[in-house]
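Student: Hi! I've just opened this one and I'm a bit lost. Can you walk me through it?

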Amino acid sequence: MTPPTLEVRNLRTHFFTRAGVVKAVDDVSFTVERGKVLGLVGESGSGKTVTGFSILGLVDPPGRITGGQILFKGTDLATLSEAQMRDLRGNRIAMIFQDPMMTLNPVLRIDTQMIETVLAHARVSRAEARQRARDALGQVGIPSPEERLAAYPHQFSGGMRQRVAIAIALLHKPDLIIADEPTTALDVTIQGQILAEAQKLCTQYGTALIWITHDLSVVAGLADDIAVMYAGKVAESGPVSEVLDAPLHPYTRGLIGSVPSRNHRGAPLSQIPGMTPSLLNLPPGCAFRARCPRAEARCAEPPPFAEYLPGRHARCIHPHLAEVAAA
Amino acid sequence: MTVFLLRRLLQAVGVVLAMSLLVFLGVYAIGDPVEILISPEADQIERERAVKALGLDLPLWQQYLVFLGRALQGDLGRSFVFNEPALRLILQRMPATLELAFGATIVALLIGLPLGLYAGLRPKSALSQGIMAGSILGFSLPTFWVGLMLIMVFAVQLGWLPSTGRGETVEVLGMRWSFLTRDGLAHMAMPALNLALFKISLVIRLTRAGVRETMLMDYVKFARAKGLSPARVTFVHVFKNILIPVVTVVGLEFGGTIAFSVVTESVFAWPGMGKLIIDSINVLDRPVMVAYLMIIVLLFITINLVVDITYSVLDPRVRLEGKA
Ligand SMILES: Nc1ncnc2c1ncn2[C@@H]1O[C@H](COP(=O)(O)OP(=O)(O)OP(=O)(O)O)[C@@H](O)[C@H]1O
Ligand code: SF4
Ligand SMILES: [Mg+2]
């Protein structure tokens with residue numbers, strides 16, 4: 001049996017700041033199979049981006065991966081040298097960054113930034129590299145790619161820049177793409193186009209996708225599996241339809257409740273009361289308990305990340321099992 | 001680009017006019033050259049004849065207009081002392097100052113950029129701390145003192161380098177240059193290093209600050225996420241961005257280097273414009289002073305223009321047409 005494209009086991013990435021240790025990623029586990037899409041959702045600051053950087057081995061000081069394993073096609077990435085990691089980055093594992101305005105180098109032309117990516121991993125001529133760059137731009141729906149290649153990033157809108165970043169990620173048809181809110185800056189039609197392109201990639205080349213987003217409706221339409229992050233931990237994970245239809249974790253339930261389309265018409269939008277806790281010196285026990293309607297005394301103990309139903313994990317000692325059974 | 005250049009030219013004319021007035025008034029206020037130029041024994045008639053010959057009997061505004069009219073024809077007056085056109089005197093000495101200033105700038109970039117880059121990439125290493133401490137010395141030690149120390153060590157004690165003059169020169173384009181001969185270069189080494197001292201520190205600090213800031217940018221992380229080699233990330237993605245502030249500051253500083261080469265030129269008896277102007281101020285040689293200041297103004301204007309153009313080449317976001 002071939003190993004999954006990516007398996008993250010108990011990943012911990014902490015930032016050792018002057019104010020204290022920020023446990024940005026603290027015991028995160030998930031698996032992405034070949035050709036599948038994992039939706040990684042969670043509130044701002046829950047550790048989604050840091051998880052992505054950890055997989056690429058791009059966590060900068062004061063941050064450090066302090067525990068866990070990242071298995072890429074069965075290989076533990078911690079055992080690879082920096083040169084071997086560099087061979088993977090941009091080639092077998094690509095990432096699309098969250099902020100398209102900041103992703104491209106302002107003083108280098110688009111063609112420079114694309115061709116260098118091709119040449120970093122493929123022994124081809126410059127002309128061939130340029131050709132590939134142009135094709136990739138066409139693939140993400142950029143009109144007249146030949147002229148656009150000679151432009152500088154500031155001549156592009158935010159949405160266009162994000163498409164360039166996506167095109168760069170597609171250049172080597174990677175095995176894994178980590179897309180950090182890639183469509184937030186795009187309008188709806190382009191968003192649909194990009195999503196379709198992503199799905200095509202998955203089915204044609206078996207690319208696995210980690211799609212980081214706030215938007216549950218995108219996850220519902222695109223992802224096979226979902227992992228919901230809260231305060232650096234995965235609160236719940238499982239097949240996307242099951243989790244969204246009948247969540248186990250009170251936090252997931254709250255998230256779904258705050259999406260308008262899933263509410264009954266006219267009913268007030270439910271909001272999760274309270275605030276995301278600070279990740280600095282987080283107390284032990286369930287991080288959600290200050291906001292949880294089902295909290296009880298036992299929640300002051302760290303809840304285990306347990307498999308309550310086949311393929312469905314939750315980090316809660318009091319999950320919504322009755323509701324799941326009723327659904 | 002053409003619109004930009006035209007607008008710049010108009011501005012330059014305005015600046016030059018305003019400066020010429022200021023310079024003229026300023027120099028007039030310094031003192032009366034008659035006292036110095038005409039021997040105390042001269043009688044009244046002789047005195048008046050001399051004053052008339054120099055045009056000093058006219059009212060101030062007329063003197064200014066005469067000066068302006070002649071200046072437009074490229075005549076900035078004759079030196080009272082040398083009895084030669086002031087402009088020619090200065091232009092004769094300009095190559096010496098220019099090559100010294102260029103030499104200093106090149107030395108500053110050659111030393112400052114690599115050191116600053118290293119200190120920016122490895123801020124915690126002992127060598128970086130040493131570099132930064134050294135740059136503080138470069139800022140704070142007085143130029144003349146360092147110049148004298150250089151002479152003491154390299155000329156007097158070690159006897160490696162000559163300490164005065166330009167050495168052997170070669171004539172190119174009707175001007176004499178030292179940097180084209182071995183002997184000339186040897187003569188240039190110490191004064192150029194002396195003049196570069198402050199700039200080296202400046203370039204180190206600018207480069208280090210730029211590197212540290214740029215390294216944190218998303219686009220650098222993205223470049224790494226593309227799997228580029230560290231060398232490519234540093235020398236293409238980071239370096240091209242830090243060149244922008246470095247070129248701006250070093251470019252604008254170039255005018256200052258020329259203006260302040262006075263000290264270095266005096267210490268090393270380098271026969272440039274700086275030395276000429278000091279001598280001229282001592283004897284109140286008004287036309288030379290005025291001509292010198294006007295040339296410095298023109299130099300600053302030219303430098304600013306060159307910096308702006310270079311800037312637009314380095315930073316594609318700068319559009320020359322759009323800005324005044
Ligand atoms: N360099 C750093 N130093 C200290 N803390 C950091 C650093 N980078 C990230 N963090 C912390 O890690 C936590 C997780 O950040 P992350 O960027 O992964 O959140 P996110 O889920 O991507 O949020 P968003 O949806 O806003 O992008 C945050 O609390 C942040 O403060
Ligand atoms: S562990 Fe307790 S506080 Fe945490 S989500 Fe479950 S019920 Fe709520
Ligand atoms: Mg993020």
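Tutor: Happy to! One thing to keep in mind is that this is a predicted model. Let's begin with ligand 2: the residues of its shell divide into eight nonpolar, two polar and two charged.

Student: Which residues surround ligand 2?

Tutor: Ligand 2 is surrounded by residues of chain A that include the cysteines A:Cys286, A:Cys292, A:Cys299 and A:Cys316. Also in that shell are A:His249, A:Pro250, A:Phe288, A:Arg289, A:Arg294, A:Ala295, A:Ile317 and A:His318.

Student: OK, next, the magnesium ion. What coordinates ligand 3?

Tutor: The magnesium ion is held by OG1 of A:Thr49 and OE1 of A:Gln98, at 1.9 to 2.3 Å. Those two residues come from distant parts of the chain, 49 residues apart. A:Thr49 sits in helix H1 of chain A, while A:Gln98 belongs to the loop between strand S6 (93–96) and helix H3 (100–103) of chain A.

Student: And how accessible are A:Thr49 and A:Gln98?

Tutor: A:Thr49 has a relative accessibility of 22%, so it counts as partly exposed. A:Gln98 is at 39%, so it is partly exposed too.

Student: Let's switch to the backbone. Where is there a cis peptide bond?

Tutor: Look at the bond from A:Pro61 to A:Pro62, which is cis with omega near 10 degrees. A:Pro62 lies in the loop between helix H1 (48–56) and strand S4 (63–72) of chain A.

Student: Why point that out?

Tutor: Because most peptide bonds are trans, and most residues other than glycine have a negative phi.

Student: Then which residues other than glycine have a positive phi?

Tutor: Two to look at are A:Asn10, with phi near 50 degrees, and A:Lys73, with phi of about 50 degrees. A:Asn10 is in strand S1 (residues 6–17) of chain A, and A:Lys73 is in the loop between S4 and strand S5 (75–76) of chain A.

Student: Are those two buried or partly exposed?

Tutor: Partly exposed: A:Asn10 has 40% relative accessibility, and A:Lys73 has a relative accessible area of 43%.

Student: Now chain B. How do helices H7 and H8 cross there?

Tutor: The axes of helix H7 (residues 143–157) and helix H8 (residues 182–215) of chain B come within 10 Å and cross at roughly 145 degrees. The crossing of H7(B) and H8(B) is right-handed.

Student: Which residues make that contact?

Tutor: From H7(B) you have B:Thr143, B:Val146, B:Gly147, B:Leu150, B:Ile151, B:Phe154 and B:Ala155. H8(B) brings B:Met190, B:Leu193, B:Asn194 and B:Leu197. By class, the contact has eight nonpolar residues, three polar ones and no charged ones.

Student: Last one: what does B:Arg176 touch?

Tutor: Leaving aside residues up to four places away in sequence, B:Arg176 touches B:Pro95, B:Arg166, B:Thr169, B:Val170 and B:Glu171. The C-alpha atoms of B:Arg176 and B:Pro95 are separated by 6.8 Å, though the two residues are 81 residues apart along the chain. B:Arg176 itself lies in strand S2 (residues 175–177) of chain B and, at 40% relative accessibility, counts as partly exposed.

Key: Residues are numbered from 1 along each chain as its sequence is written. Chains are lettered from A and ligands numbered from 1 in the order in which they are written. This is a predicted model: local features need pLDDT of at least 70, side-chain atom pairs count only at pLDDT 80 or more; totals for chains, interfaces and linings use all residues. Side-chain values use heavy atoms; hydrogens and water are left out. A residue is near a molecule or strand if one of its heavy atoms lies within 4 Å of it. Ala, Val, Leu, Ile, Met, Phe, Trp, Tyr, Cys and Pro count as nonpolar, Asp, Glu, Lys and Arg as charged, and the others, Gly among them, as polar. Helices (H or I, at least four residues) and strands (E, at least two) are DSSP runs, numbered from the N terminus. Buried means under 20% relative accessible area, exposed over 50%, partly exposed in between (1.4 Å probe, protein chains only). Donors are N, O and S atoms within 2.8 Å of the metal (3.2 Å for Na, K and Ca); water is not among the atoms, so sites may look incomplete. Axes are lines fitted to C-alpha atoms, for helices over the stretch in contact, and angles run from 0 to 180 degrees between N-to-C directions. A crossing is left-handed if the near helix is turned anticlockwise from the far one by less than a right angle, and right-handed if clockwise. Contact means heavy atoms within 4.5 Å.
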